[in-house]
Amino acid sequence: MGSVERYDFKAVERKWQKRWSDWNLFKVVEDRSRPKFYYLDMFPYPSGELHMGHMRNYIIGDVISRYKHMLGYNVLHPMGYDAFGLPAENAAIQHGMHPKVWTEQCIQRMRSQFDMLGISFDWGRQIRTCSPEYYKWNQWFFLKFYERGLAYRRPAPVNWCPACETTLADEEAERGYCWRCSTPVEKRWLEQWFLKITAYAERLLEDLDLLEHWPERVKVMQRNWIGKSEGVEFDFELDGIMEKIKVFTTRIDTVYGVTFVVLAPEHPLVPKLIERSPRRFELYAAVQRMLSESIEERSSEEVEKEGAFLDAYAIHPLTKERVPVWVANYVLMEYGTGAIMAVPAHDQRDLEFARKYGLDVRVVIKPPDAELDADQMERAYVEPGIMVNSAQFSGMFSEQAKDAIADYMEQMGVGKRSIQYRLRDWLISRQRYWGTPFPIIYCDKCGIVPVPEEQLPVLLPPDVKITGKGGSPLSQVPEFVNTTCTRCGAMAKRETDTMATFVDSSWYFLRFCDPHNNDAPFGSDAVDYWMPVDQYVGGIEHAVLHLLYARFFTKVLYDMGLVKTKEPFTRLFTQGMIYHESYYCRRCRSYRRPEEVRSKRAGERRIVKCNVCGSEVEVGMDKMSKSKLNIVTPDYVCEQYGADTARLFILFIGPPELDAEWNPQGVEGMYRFLNRLWRLVNERLDDYIPDWREKLNELKPTLDDAQRGLRRKLHQTIRKVTDDIEGFGFNTAIAALMELFNEMQSFASSMRPKDEVEGFADRVVLSEAVELMQVMLHPFAPHIADELWERLGKPGSVYQHRWCDVDEDAAREEEQVIVVQVNGKVRDRLIVPVGISEDELRSLALNCKGVKAHVAGKEIKRIIVVPNRLVNIVV
RNA sequence: GCCCGGGUGGCGGAAUCGGUAGACGCACGGGACUUAAAAUCCCGGGCCGUAAGGCGUGCGGGUUCGAGUCCCGCCCCGGGCACCA
């Protein structure tokens, strides 16, 4: 056996990528004779670099797509670009480059990275959301939503990110900070467009139950976000004023414990009450102070409760008692009715407030086995209990009293059951350029006029000065702004805000079914064939944002009769994020790239210094992101070791649902594996017997232990790899392939001469393993698998070949290791034939070497025999 | 505070049902080949101990013949929600 040609991964990868493309291997069309499988990755924002996080996502997708195709499915595996968005605009500001040009460059660069990795996308279906052919349909959907009353414009307090110079949806203002740049969000009062997602709150919540193949935590996050609560709504009349205060409570069982009523500072009644008060200046100042607190301050944990008495009294609807009306910062206008009934004995927040301002505390529920002292309480009693001081409801269990009081109030006509959601309408106006223009015209005479469908798309004007300052860039373009009313022909102005980019990604999975349709967003035949997406994979960061919006869109489209599925994504898998060290230099006030720092060891500690200023940098562990300069792209690994090695490595790094730290140690291992495989197959090409299948049938009864052993390993591996791919266990699937290879290699090293009968059988058995190894390897490392496949004399690509079947007879164990324990401690091991009787096992165990010493002279109390596993002798 | 996820060798990580803890890989040590090195191949290893043996899956209890796995009580790391009435 002479030396074989080395594994030239560059040549192999180039060759096969070209062939796949020349053969149009991944092009897919509707084919009703085969079951369909729609695999989708979350498409990327074209920021210019594909990093390891993306790569992990897309390689997982490629493994599944190729595997499903080999199982006989008609697989749709598309890719595109979420190409509108702020970073393009920021790049334009920084580099003076048009967002379109910048985006196109990024797309080109990312496309070359996709190609480098050899992913099986049907590129004929590519989508770019910034193309008019795509965003035209955003506008079309917007008009449809508008017709149905699901899009509306209103002045509202909105989240404003001063750094991005634009508004944000609630979902984008994470705990008071901008989701993109982490700047504290401000509140502004603006006239903005909203989509009425709250109209779908109940269905978005209920249908989560249909999603049995979604991760529980994503469903929990959506449930929390929608935040449904059931309770009772009722009014307090004001004493001596012709006004009412509507409140909502989930704890109607505590209604007899109300000792005051609180309004949010923004509540419309607040100015009226202040007006009537002799202390109006004082009160006005107090409320102003509360109003000026930022969202960040008001939602932070340690904020001091503050309030003021409004010199007004409300009448309790059941007891007719007079209770004081307060205004306080801990009541939110956005939730419920913006006013609450306060029950300090049974609500911690109300108690804190009552103690601070010396308000009454009245106990109306007590624990079954104790008394409560209203004057001494430090914690509100919030658990269920026995009703007291609650008129005819006293003595009941509070859980039952909830219903009884609600019934009573409904009968008396003073209140009604009500459901509140935390979810708020989706704000989609953005004061930026690089997005979809709203198809809306404002006419002095006609008001808001939707652009007629035939006039779509409203094109984004190409020449715009983008400064990042001073509101919507489109408002600076007179040719765009000034138009005529499509209804009355008078001079009119266009809406100059653009749509949030989450609108684009809310339906792109439908467009992939029919991406070139010029007459409709998609044809129903194509969508009915492909939808729903069978497997969706992406990062957990979209658990609420994108995944909620896409579900919402799908439901509206369902109601419009455009799609037949209530939910877009049958199975969801959220992959873990890839972390990498980041270096922040305090002195320079900026992040540093890995090559801009040097590290030293000082005893136990590692010191990392900035190359620019020499001071020590802060070493963090962060999700890869451009802003932290800690991105690692697949390029280096692909350049040094090849795409197949890179693919294996990113999968081998750990379970895909868990986060992982990027550490390239270990890449070598994958590279070595592929090299060893390359060598073994090429060295043994002459030994390969193409019709091993027929030969094997004849030889089966005569195979010896070693031959049966290799076949057993092979077929057990087929079973394991199949199960592992189905269960996203890519790391263990690769380990199984390596184990099989190790056995193949040692088998090959002791093969007998060709001309002997045993030697021939050796070759037949090895041929089976070598061939099926390529089939199993293809989804993971498709280039090398296809190359070796060809060298075995096979036509085409393994992709066109069927996945392997397990030969159950071959996979069956013949003998097994039985562990012998004494008092639960392992003392010996026995190798016995499968199916040995319990009695035989017992006597073998009692007589084996390791046991005797530990049993000698002791009484045997019990012997536990677990078939196929172990014998435990208890003394 | 509530709800998830995680904690296993020097490192990444394996281990359907409670039944051999540490698969596979990295790094490391030894050997073979080589004038030498690289590459490759073979061998080795949880820790303590000369050994017999003992101890080992974040900590403390429990159930069991037997616990990484089940139960109870904690600790640490990461994430989500949080003044939502």
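In which strand does Asp311 lie? The legends below take up this residue and several other places in a predicted model.

**Figure 1. Overview of chain A.** Chain A contains 27 helices and 35 strands, and its C-alpha atoms fill a box of roughly 110 × 85 × 65 Å along the principal axes. Of the 875 residues in the chain, 54% are buried, and the chain exposes about 39,500 Å², of which carbon and sulfur atoms supply 49%. Among contacts with a separation of 6 or more, 71% are between residues 24 or more positions apart.

Figure 2. Asp311 lies in strand β11, and its phi is about 60°, a positive value although the residue is not a glycine. With a relative accessible area of 25%, Asp311 is partly exposed.

**Figure 3. Close-up of Phe728, in a loop between two helices.** Phe728 is found in the loop that runs between α21 (705–726) and α22 (730–749). Its phi is near 60°, which is positive in a residue other than glycine, and Phe728 is buried, with a relative accessible area of 11%.

**Figure 4. Close-up of helix α8 and its cover.** In helix α8, which spans residues 269–276, the residues Leu269, Val270, Leu273 and Ile274 are buried. Seen down the axis of α8, the buried residues fall within an arc of 135°, so they line one face of the helix. The spacing of such residues follows a general rule: an α-helix has 3.6 residues a turn, so residues three or four places apart point the same way. The cover over the buried residues of α8 includes the strands β8 (229–238), β9 (244–249), β10 (260–263), β11 (307–315) and β12 (322–328), together with the helix α9 (280–292).

**Figure 5. Close-up of the salt bridge between Arg109 and Asp635.** The side chains of Arg109 and Asp635 meet in a salt bridge, with a distance of 3.0 Å from N to O. Arg109 lies in helix α4 (residues 99–117) and Asp635 in helix α17 (residues 635–641), so this pair ties together parts that are 526 residues apart in sequence. Arg109 itself is partly exposed, with a relative accessible area of 28%.

Figure 6. A search of the whole structure finds 66 salt bridges, and a few of them are picked out here. Arg279 and Glu282 meet through their side chains at 3.1 Å, N to O, and Arg279 is partly exposed, with a relative accessible area of 27%. In the salt bridge of Asp347 with Arg349, the closest N and O atoms are 2.5 Å apart, and Asp347 is buried, with a relative accessible area of 16%. Elsewhere, a network of salt bridges links Glu5, Lys15, Arg19, Glu787, Glu790 and Arg791.

**Figure 7. Close-ups of two cis peptide bonds.** Leu456 and Pro457 are joined by a cis peptide bond, with omega about 0°, and Pro457 lies in the loop between β20 (447–450) and α13 (478–481). Met531 and Pro532 are also joined by a cis peptide bond, for which omega is about -5°, and Pro532 is found in the loop between α15 (524–530) and β24 (533–539).

Key. Residues numbered from 1 in each chain as written. Chains lettered and ligands numbered in written order. Predicted model: local features only at pLDDT ≥ 70, side-chain atom pairs only at ≥ 80, totals over all residues. Heavy atoms only, no water. Helix = DSSP H or I, 4+ residues; strand = E, 2+ residues; numbered from the N terminus. Buried < 20%, exposed > 50% of the residue type's maximum accessible area, 1.4 Å probe, protein only. Contact = heavy atoms within 4.5 Å. Areas by Shrake-Rupley, 256 points an atom, 1.4 Å probe, with all protein chains shown as cover. Salt bridge = Lys/Arg side-chain N within 4 Å of Asp/Glu carboxyl O. Arc of directions from axis to C-beta.
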